[in-house]
Amino acid sequence: MPEPIGGIGAIQSKIVYPEIAKRAGVQGRVYVKAYVDEAGKVTKVELIRGIGAGCDEAAMEAVNSVMFSPGKQRGKPVKVQVTVPVLFKLQ
């Protein structure tokens with residue numbers, strides 16, 4: 001299975017917490033489906049389950065901007081879809 005280069009922390013570091021969500025106190029987990037090609041690039045992202053207040057878009061943008069190590073089958077890189085959970089938590 002493909003994994004983000006730098007781990008989930010790489011995705012978390014690219015997230016910009018939406019101001020609307022901060023003010024409303026929105027927290028939770030957004031699930032994003034990412035389609036990763038043979039080179040490890042994200043070709044498409046889809047929202048599986050969101051929490052609203054701009055967090056869904058921020059999560060999709062962050063996943064889209066990260067490179068993945070390509071998924072392999074029998075040693076050859078293949079296209080894979082992977083579900084990525086993105087956590088939104090206020091300090």
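Ala-24 is exposed, with a relative accessible area of 57%; exposed means over 50%, buried under 20% and partly exposed in between, for a 1.4 Å probe and protein chains only. The model is a predicted one, in which local features need pLDDT of at least 70, side-chain atom pairs count only at pLDDT 80 or more, and totals for chains, interfaces and linings use all residues. Residues are numbered from 1 along each chain as its sequence is written, and side-chain values use heavy atoms, with hydrogens and water left out.

Ala-24 belongs to helix α2, residues 19-24. Helices (H or I, at least four residues) and strands (E, at least two) are DSSP runs, numbered from the N terminus. Between the C-alpha atoms of Ala-24 and Thr-43 the separation is 32 Å, for 19 residues along the chain.

The next element is strand β7, residues 80-88. In a regular strand the side chains alternate between the two faces of the sheet. In β7 the covered face carries Val-80, Val-82, Val-84, Val-86 and Phe-88, while Gln-81, Thr-83, Pro-85 and Leu-87 are on the uncovered face. Strand β2 (residues 28-36) runs antiparallel to β7 and is joined to it by 9 bridges; two strands pair if DSSP finds at least two bridges between them. Gly-28 has Phe-88 of β7 as its bridge partner.

Phe-88 is buried, at a relative accessible area of 1%. Phe-88 also takes part in an aromatic pair with Tyr-17. Rings of Phe, Tyr and Trp (its six-membered ring) pair if their centres lie within 6.5 Å; planes under 30 degrees apart count as stacked, over 60 as edge-to-face and the rest as tilted. The count by this rule is 1 aromatic pair. The ring centres of Tyr-17 and Phe-88 are 5.4 Å apart and the planes are at 85 degrees, so the pair is edge-to-face. The pair links distant parts of the chain, 71 residues apart, with Tyr-17 in the loop between α1 (8-13) and α2. Tyr-17 counts as buried at 16% relative accessibility.

Asp-56 sits in helix α3, residues 55-65. Asp-56 is buried yet has no salt bridge, that is, a side-chain nitrogen of Lys or Arg within 4 Å of a carboxyl oxygen of Asp or Glu. The side chain of Asp-56 instead reaches the backbone nitrogen of Ile-51 at 2.8 Å and that of Gly-52 at 3.2 Å. Not counting residues up to four places away in sequence, Asp-56 touches Val-30, Leu-47, Gly-50 and Ile-51, where contact means heavy atoms within 4.5 Å.

Terms used: Lys, Arg positive; Asp, Glu negative; His and termini not counted. Polar contact = N/O pair within 3.5 Å; in protein donor to acceptor, adjacent residues only side chain to side chain.
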